[in-house]
Amino acid sequence: VHPGGNFIIEACIGREVGRYLYGNYALEGTNVKPHNHSSLALSQMKKFYIGEVTSPESLLVHKNTKKEAQSTHLHTWKISSVKSVSKTTSEITFTSEHFNVKTFGSSLSFLARHFKVSFNNQKNPIERQYTTAQALTEANIQFRQNAYEYFTKIMTDQTSTLKIDDSFHTVSESLSLFIKNYPFPKALSRALHEVDIKGDENELEIEGPIGRGLDLVPSSTGTHTIICAGTGVLPVVDFLNFFLFKTMYQLIKEKAGREKAEEINPYKTQYDDVMEGMKVNFIGSFDDEKEVLGLDILQKLAEISNKYKTNNFSAMVKGYGDENIVE
């Protein structure tokens with residue numbers, strides 16, 4: 001029995017419903033508006049808990065045990081830095097006494113999961129969910145560039161060894177979330193951008209990672225079309241980065257063997273066993289080139305697809321175009 005009507009239960013059969021609980025999404029196929037469920041409703045649901053269906057990969061690692069933390073509940077974090085990455089969006093990094101963070105995941109299950117963030121010193125805290133986009137961190141941008149340079153040399157029969165900066169690690173001390181600054185007076189994003197890092201109010205409660213992400217599995221194949229605008233690219237940017245490395249790995253392996261391909265695989269991903277035969281069409285709309293978060297990933301995927309005839313990626317982007325990307 002559902003207090004909003006049993007048709008809601010009928011409409012949810014077969015769906016992952018986590019995204020509806022906190023008022024972030026309307027229920028597709030109905031006229032029901034987004035609804036942030038009360039703590040009472042959530043506590044009632046716990047009575048029906050019978051176990052975990054899956055255990056997706058978590059980006060968090062316990063500092064003491066070095067073991068993966070599946071899902072954390074309302075631990076205290078602090079903002080350590082706010083760095084602008086476009087006119088509207090910043091990389092906000094959070095640190096915790098209890099957890100380190102993987103620089104990137106090694107499986108499809110970590111993609112597009114999110115963290116619920118709120119200030120813990122407010123009586124009625126505003127909560128928002130932010131998707132992880134690890135591909136946009138400085139460490140991954142530099143590693144991606146080095147890997148691509150290595151890839152191009154291997155593909156043109158040049159002797160090459162992948163250069164990895166000494167500062168690159170597969171685990172870091174901070175969680176990066178890329179957050180658009182909405183100028184509304186009570187917007188959580190605005191408060192996060194304006195927080196005094198050294199002040200007493202710099203304490204947040206972060207829960208996660210939560211959600212099922214993109215729900216991709218190793219056997220996922222076929223043609224997938226991504227349609228997004230602005231920061232709507234954030235939930236898919238890690239997938240695009242994953243797909244780029246999968247493509248480079250396969251081409252290097254065919255050209256120079258598995259040992260050479262493994263040099264671009266510090267996360268020990270089983271690229272041989274995922275997304276075989278997948279094709280991706282990307283359609284995006286942005287104000288201008290500087291607002292295309294993850295543009296270098298799109299450029300590299302489009303160039304590889306055309307230059308090496310993999311024909312597994314195409315991009316049409318309003319706000320940017322080049323010899324491989326249609327504007």
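Me: Contact means heavy atoms within 4.5 Å of each other. By that rule, which residues of H4 meet which residues of H6?

Reply: This is a predicted model, where local features need pLDDT of at least 70 and side-chain atom pairs count only at pLDDT 80 or more, while totals for chains, interfaces and linings use all residues. Residues are numbered from 1 along each chain as its sequence is written, and side-chain values use heavy atoms, with hydrogens and water left out. From H4 come Phe143, Arg144, Ala147, Tyr148, Tyr150, Phe151, Ile154 and Met155. Their partners in H6 are Asn241, Leu244, Phe245, Met248, Leu251, Ile252, Lys255 and Ala256. The contact of H4 with H6 divides into 13 nonpolar, 1 polar and 2 charged residues. Here Ala, Val, Leu, Ile, Met, Phe, Trp, Tyr, Cys and Pro count as nonpolar, Asp, Glu, Lys and Arg as charged, and the others, Gly among them, as polar.

Me: Why is H4 called roughly parallel to H6?

Reply: The two helices pack at an angle of about 25°, with axes 10 Å apart. H4 is therefore roughly parallel to H6, a label for angles under 35 degrees. Angles run from 0 to 180 degrees between N-to-C directions.

Me: What is the hand of the crossing where H4 passes H6?

Reply: The crossing is left-handed, meaning that the near helix is turned anticlockwise from the far one by less than a right angle.

Me: How do you know how H4 and H8 are oriented to each other?

Reply: The axes of H4 (residues 138-155) and H8 (residues 295-307) come within 12 Å and cross at roughly 15°. H4 and H8 are therefore roughly parallel to each other. H4 passes H8 in a left-handed crossing. Arg144, Gln145, Tyr148 and Phe151 of H4 touch Asp296, Ile297, Lys300, Glu303 and Ile304 of H8. By class, the contact of H4 with H8 has 4 nonpolar, 1 polar and 4 charged residues.

Me: How many cavities of 30 Å³ or more does the structure hold?

Reply: There is 1 such cavity. On a 1 Å grid, a cavity is a set of points where a 1.4 Å probe fits but cannot get out, and lining residues have an atom within 4 Å of a point. About 50 Å³ of space lies in the largest cavity. Phe104, Asn140, Phe143, Asn241, Phe245, Tyr267 and Tyr271 line the largest cavity. H4 and H6 (234-256) are the elements that give two or more residues to this lining. It has 5 nonpolar, 2 polar and no charged residues.

Me: What is the volume of the second largest pocket?

Reply: The volume is about 1000 Å³. A pocket is an open set with protein on both sides within 12 Å along at least five of seven lines. Of the 31 residues lining the second largest pocket, Tyr25, His114, Gln129, Thr131 and Pro235 are the closest to its centre. Its lining has 16 nonpolar, 9 polar and 6 charged residues.

Me: What makes the backbone at alanine 112 worth a note?

Reply: Alanine 112 has a positive phi of about 65° although it is not a glycine. Most residues other than glycine have a negative phi. Alanine 112 sits in the loop between S4 (99-102) and S5 (114-119).

Me: Why is the peptide bond from glycine 208 to proline 209 called cis?

Reply: Its omega is near 0°. Proline 209 lies in S9 (residues 204-210), a strand being a DSSP E run of at least two residues, as a helix is an H or I run of at least four.

Definitions and conventions:
Parallel < 35°, antiparallel > 145°, perpendicular 65-115°, else oblique. Points joined across faces, edges and corners; volume = space filled by probe spheres on them.
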